[in-house]
Amino acid sequence: MSDEPTETPDATDETGSVVERTQRELPSWERIRESELFVVAATTLAVAIFPWLFARAPVVSGVLQGYQDLATLILIWGIFAMGFNLLLGYTGLLSFGHAAFWGGAAYAAGVFSAQVSSSPILIILAGTSFAALSAWILGFISLRRGGIYFAILTLAFGQMAFYMALSPLAWITGGENGFTGVELGKLFGVFQLRYPVPGLDWLVGTWKYVLVGGVAVLCVAAANRILHSPYGMVFRAIRENDQRAEFVGLNVWRYKLMAFIISGTFAGVAGSLFTIYSAYVPLSSFYWTTSGEVVIMAVLGGVGSLFGPILGAAIYLYVENIVSGVQQLTLPFTGPNEYVTLVQEPVVLMDGFGAYWHLILGLVFVAVVVLFPRGIWGLLMDFGSAVRKLGGGR
Amino acid sequence: MSLLAETVTVLLNGLQQGAIYVLVAIGLSIILGTLKFVNFAHGALYLIGTYAGLLITLKITPTGGKLADWGYTTLGLGWGFLPALLIVPILVFVVGLAMERFVARPFYDRPDTDQILLTFGLAIVVQEVFKILFGGQSYNFARPGWASGQVGLPIVGTFPEWRLYIIGITATVVVLVYGLIEYTDFGLVVRAGTRDAEMVELLGIKLSRPYLMVFGVGAALAGVAGVVGGPLYAVNPNIGTEVLVPSFLVVVIGGVGSISGAVLGGILIGETLAVMVAIAPQWSQVGIYVLAAIVLLARPQGLLGAEEVAP
């Protein structure tokens with residue numbers, strides 16, 4: 001599933017066994033794994049069982065202490081981080097201004113829901129269109145200068161969006177209080193979002209999750225299609241060497257702008273979903289920390305792979321919402337426990353552990369940047385191939 | 001107050017506001033220009049400068065964070081402001097040296113994005129450490145007694161004395177750094193290295209030490225900015241990033257690697273802020289970004305930036 005050519009032995013091998021492989025009746029596992037149908041099917045399956053596994057499954061959910069809403073939130077941020085990674089991981093552009101698209105879409109979706117229509121699908125479309133449009137404008141200005149400047153300029157114009165929402169546009173956005181007038185109608189005019197899904201209640205929970213999950217699967221499919229198209233190939237060529245791409249005759253600037261717009265559009269989808277999720281738009285969705293969070297998620301999970309950033313989003317939100325509530329860090333299975341108890345008295349490693357969550361994330365982030373540029377997903381992939389090698393496979 | 005007096009007051013306020021940005025931006029700009037290193041942790045240096053200045057100048061009672069939990073009721077030396085103004089730049093200079101040696105240098109050959117990510121992560125870590133130690137709330141950095149009053153000026157009438165001191169201190173420091181870069185052998189090597197590092201090394205001049213110094217000087221400037229800027233605003237862990245973004249704009253507007261560009265950009269931004277606050281306060285923060293966008297569209301390399309030097 002990783003789009004990086006991680007297993008180089010495979011690649012060299014492949015040229016030698018092309019004939020043999022085409023003659024075989026069944027396609028090899030690697031082939032299946034790369035196919036679009038498989039990616040979409042696997043994503044659908046994962047999205048469907050995720051809330052059950054996270055919030056309701058025996059043992060697993062007990063250890064994880066997850067809950068339904070967090071599962072929804074993880075998917076929303078996962079879309080955001082995945083779209084962000086199209087820019088950072090595949091085109092090699094680091095934006096610090098994606099809060100502008102996430103927040104812009106969130107506000108646009110909120111205002112649209114209050115003024116025009118409360119249909120969730122239309123809300124998402126409205127927010128996304130707004131984000132795509134603002135990405136076009138912001139990208140046009142920010143891409144005036146390459147490299148270092150791009151990060152600085154996106155950061156600056158993201159902050160400009162924040163200050164716009166804070167006071168000059170406060171009559172629309174609600175200023176410091178955020179936008180509170182979000183109206184949410186029924187999905188397709190039939191399903192109330194907060195109601196449980198009849199029959200599948202135990203698996204996916206509410207209609208809200210079905211909506212978010214469905215959009216997430218669509219987003220993964222779209223991103224997968226983009227990355228495996230010739231168009232996505234150009235993005236990668238630009239990341240590797242934009243000068244050479246220019247010499248081949250590609251209009252690098254236009255491709256960069258397009259990558260920025262696509263990535264902003266994904267951020268817009270996520271931002272609109274966030275409005276639907278929380279029925280409220282906080283001003284902080286425009287603040288630069290939102291951009292910083294998505295940078296951390298993408299890098300932590302692993303840039304340059306489709307699913308890495310989603311994993312990163314899951315880890316970040318898990319630490320932010322669950323780990324931050326941990327009062328005492330104890331050794332596993334010490335102290336009273338539902339399933340396994342080794343010692344009655346908990347072995348306390350650290351008091352007030354939860355307060356350090358942000359610091360720990362920062363340190364892990366620095367460690368990932370320095371030591372594992374391919375992120376945790378890359379680590380898992382390396383680990384997987386190492387295990388396969390041990391098992392005698394290739 | 002007459003219109004003239006009001007105008008002059010606004011312009012003076014703008015100059016003072018710009019002064020802080022100038023100090024931070026010069027450091028960013030010379031580091032970016034000579035070392036081609038983007039330092040998103042420059043705001044963290046400002047943060048360190050402010051807290052160090054606070055602790056040297058005053059005795060404070062931590063009202064939150066771990067230090068309070070551990071039972072420290074009074075912290076700080078209480079030596080007053082002038083010692084802080086001397087010690088803090090040296091302290092932050094040393095921090096800057098360490099940062100160049102252990103953070104920046106291993107990353108010179110890595111892509112720009114990696115440098116940004118690393119320094120961004122570092123900025124978060126520093127900010128969190130301060131938040132954990134001192135708590136997230138604000139401390140009051142009282143202005144030194146000898147400068148907390150109002151001073152009579154022609155035309156304007158009265159003006160806060162401290163703001164004048166900031167302008168004065170900044171001007172002195174800027175002149176010193178400008179002299180260092182433009183009129184000393186050290187500055188000659190640095191400028192030559194900015195133009196063509198390879199050629200300078202071929203001539204047998206080792207660039208690693210001048211680079212180390214440039215990073216240290218840039219850091220020290222952020223430290224000075226932290227000390228003089230501290231008493232203007234409440235001191236909390238977020239001030240570092242708050243000052244970083246406008247300072248980046250200053251660098252973009254002025255042009256990378258140019259000290260005079262940073263001064264011009266800083267004054268422009270400061271004045272824009274001050275004038276906007278006076279005539280349309282709602283738009284004051286937005287104004288500086290619009291200014292940056294206009295400069296960028298008209299002159300992408302910055303007002304005083306040279307095209308071939310900028311990365």
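Predicted model: local features only at pLDDT ≥ 70, side-chain atom pairs only at ≥ 80, totals over all residues.
Where in chain B does B:Asn236 lie?

1. B:Asn236 sits in a loop of chain B, the one between α9 (208–229) and α10 (239–254). Although a loop residue, B:Asn236 is buried, because 20 other C-beta atoms lie within 10 Å and the cut-off for buried is 20 or more.

2. Which residues does B:Asn236 touch, once those up to four places away in sequence are not counted? They are B:Gly136, B:Gln137 and B:Ser138. A further pair to look at is B:Asn236 with B:Tyr51: 185 residues separate them in sequence, while their C-alpha atoms are 8.6 Å apart in space.

3. Moving on to helix α10 of chain B, you will find B:Leu244 there. Is B:Leu244 buried or exposed? B:Leu244 counts as buried because it has 27 C-beta neighbours inside 10 Å.

4. For the surroundings of B:Leu244, leave aside the neighbours within four places in sequence; the residue is then in contact with B:His42 and B:Gly43.

5. Now to the interface, where 31 residues of chain B are in contact with 33 residues of chain A. On the chain B side, the elements that give two or more residues are α5 (112–134), α10 and α12 (284–298). Helix α5 of chain B gives the most, with 14 residues.

6. What is the make-up by class of the side of chain B that touches chain A? This side has 24 nonpolar, four polar and three charged residues.

7. Chain A has its own helix pair to inspect. Helix α8 (residues 120–142) and helix α15 (residues 252–278) of chain A pack at an angle of about 145°, and their axes are 7 Å apart. The crossing of α8(A) and α15(A) is right-handed. By class, the contact between these two helices has 16 nonpolar and nine polar residues, with no charged residues.

8. Finally, chain A as a whole. How many helices and strands does the secondary structure of chain A come to? There are 19 helices and two strands. Of the 394 residues in chain A, 44% are buried. Taking the contacts in chain A between residues at least 6 apart in sequence, 73% join residues at least 24 apart.

Terms used:
Residues numbered from 1 in each chain as written. Chains lettered and ligands numbered in written order. Axes fitted to C-alpha atoms, helices over the stretch in contact; angles between N-to-C directions. Helix = DSSP H or I, 4+ residues; strand = E, 2+ residues; numbered from the N terminus. Left-handed = near helix turned anticlockwise from the far one by under 90°. Nonpolar A, V, L, I, M, F, W, Y, C, P; charged D, E, K, R; others polar. Buried ≥ 20, exposed ≤ 12 C-beta atoms within 10 Å, placed from the backbone. Contact = placed C-beta atoms within 7 Å.
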